[in-house]
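Okay, thanks for coming, everyone.

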Amino acid sequence: MTDLRVRFIRHQEISPEFRIEIEELDRLAFAGDDIDNDPEFANIRWATPDWMALGFLHEELVTQLSIPKREIMVGAERVWVAGIGGMATHPKHHHNGYGSALLKATEIFMRNELQVPFGLLICADETRPFYELANWERVADLLYYHQEDQRRSLHTSVMILQLQNRTWPAGKIDLCGAPW
């Protein structure tokens, strides 16, 4: 795990050639995932991230995640969050700690560089324990997002990571845009 080299790259600065490599890692990591067959997830257009966190073993991309930064609504409060989306690790590198190392590096990046009070992610119930080990906590099973000029709901585990000395507000979560 100590050999993992993490880079944070602005999404718009990723070359078309490297985008293909990122998409291939996604394809391998999510092969057999039924998210596209789940009617609640099938027609979602996911948000374009602001950043990509990329983990390399030597020169090989082995793990990645996307990071959008956005102001959302929680109850009546506006809250800045950095999202975690599309976390993927190459199947041949599962259970080696690379995903955990990338998540830890991303926590530091969100706190120090993006300076947001919270990280926020959505995940399936079966992946919740992975994030709980990294101190993420479930705060809801429902959130709202906007797509095609409509407010829509998504029933899934919503988790946050406290990055600053601020309490997560009470109330419904509205991403004020597409989910990640």
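This is a predicted model: local features need pLDDT of at least 70, side-chain atom pairs count only at pLDDT 80 or more; totals for chains, interfaces and linings use all residues.

Let's start with strand 2, which is covered on both faces: W51, A53, G55 and L57 are buried on one side, and M52, L54 and F56 are buried on the other. Buried here means under 20% relative accessible area, with a 1.4 Å probe and protein chains only.

Numbering runs from 1 along each chain as its sequence is written, and side-chain values use heavy atoms, leaving out hydrogens and water.

So who sits beside strand 2? Strand 1, residues 4–10, pairs with it in the antiparallel sense over 7 bridges; pairing takes at least two DSSP bridges between the strands. F8 has A53 as its bridge partner. Strand 3, residues 60–67, is also antiparallel to strand 2, over 7 bridges, and there G55 stands opposite T63. Strands 2 and 3 make a hairpin with 2 residues between them, and H58 in that turn has a positive phi of about 60°.

Zooming out, the protein chain has 4 helices and 9 strands, meaning DSSP runs of H or I of at least four residues, and of E of at least two, numbered from the N terminus. Buried residues make up 47% of the 180 in the chain.

Technical notes
Buried means under 20% relative accessible area, exposed over 50%, partly exposed in between (1.4 Å probe, protein chains only).
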